[in-house]
Amino acid sequence: MKRPVVCLLLASAFGAPAIGQSLPERLNDYPTEARADYVFGCMAANGENRTVLRQCACSIDVIASILPYEKYVEAETVLTLQQGTGEQLSMFKSAVVPRAMVTELRRAQAEAEMLCF
């Protein structure tokens, strides 16, 4: 990925969130596959029973109500890139914008944990 493309991706991360969308529209901007993937991972980490299924489904709903899907994907991408090594990936560990993106995701996850678990 060329540096200007990365910069554009990061610069767009903090654009106006879901302008003109109501809360129900924002809640539904997460594709079913993304929600299912989140719930699957959540259940793998917390237990595989009906109660945990409900808690994990609640958790992704809370995250979706706080963070538009585009920002969720960008923050998850930054988290993945932060796990890599090398000079090109170091900017994702130290730059302010990627750190802010991850902080916003972590805040949404903490809120979901308080409400759902």
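Me: How many helices and strands does the protein chain have, and what makes a run count as one?
Reply: There are 7 helices and 0 strands in this chain. Helices are DSSP runs of H or I with at least four residues, strands are runs of E with at least two, and both are numbered from the N terminus. The model is a predicted one, where local features need pLDDT of at least 70, side-chain atom pairs count only at pLDDT 80 or more, and totals for chains, interfaces and linings use all residues. Residues are numbered from 1 along each chain as its sequence is written, and side-chain values use heavy atoms, leaving out hydrogens and water.

Me: Why is the pair Arg35 and Asp61 called a salt bridge?
Reply: A salt bridge needs a side-chain nitrogen of Lys or Arg within 4 Å of a carboxyl oxygen of Asp or Glu. Here the N to O distance is 2.6 Å, so the pair qualifies. Arg35 lies in helix 3 (residues 32-46) and Asp61 in helix 4, so the bridge ties together parts 26 residues apart in sequence.

Me: Is Arg35 buried or exposed, and how do you know?
Reply: Buried means under 20% relative accessible area, exposed over 50%, and partly exposed in between (1.4 Å probe, protein chains only). Arg35 has 16% relative accessibility, so Arg35 counts as buried. Asp61, at 37%, counts as partly exposed.
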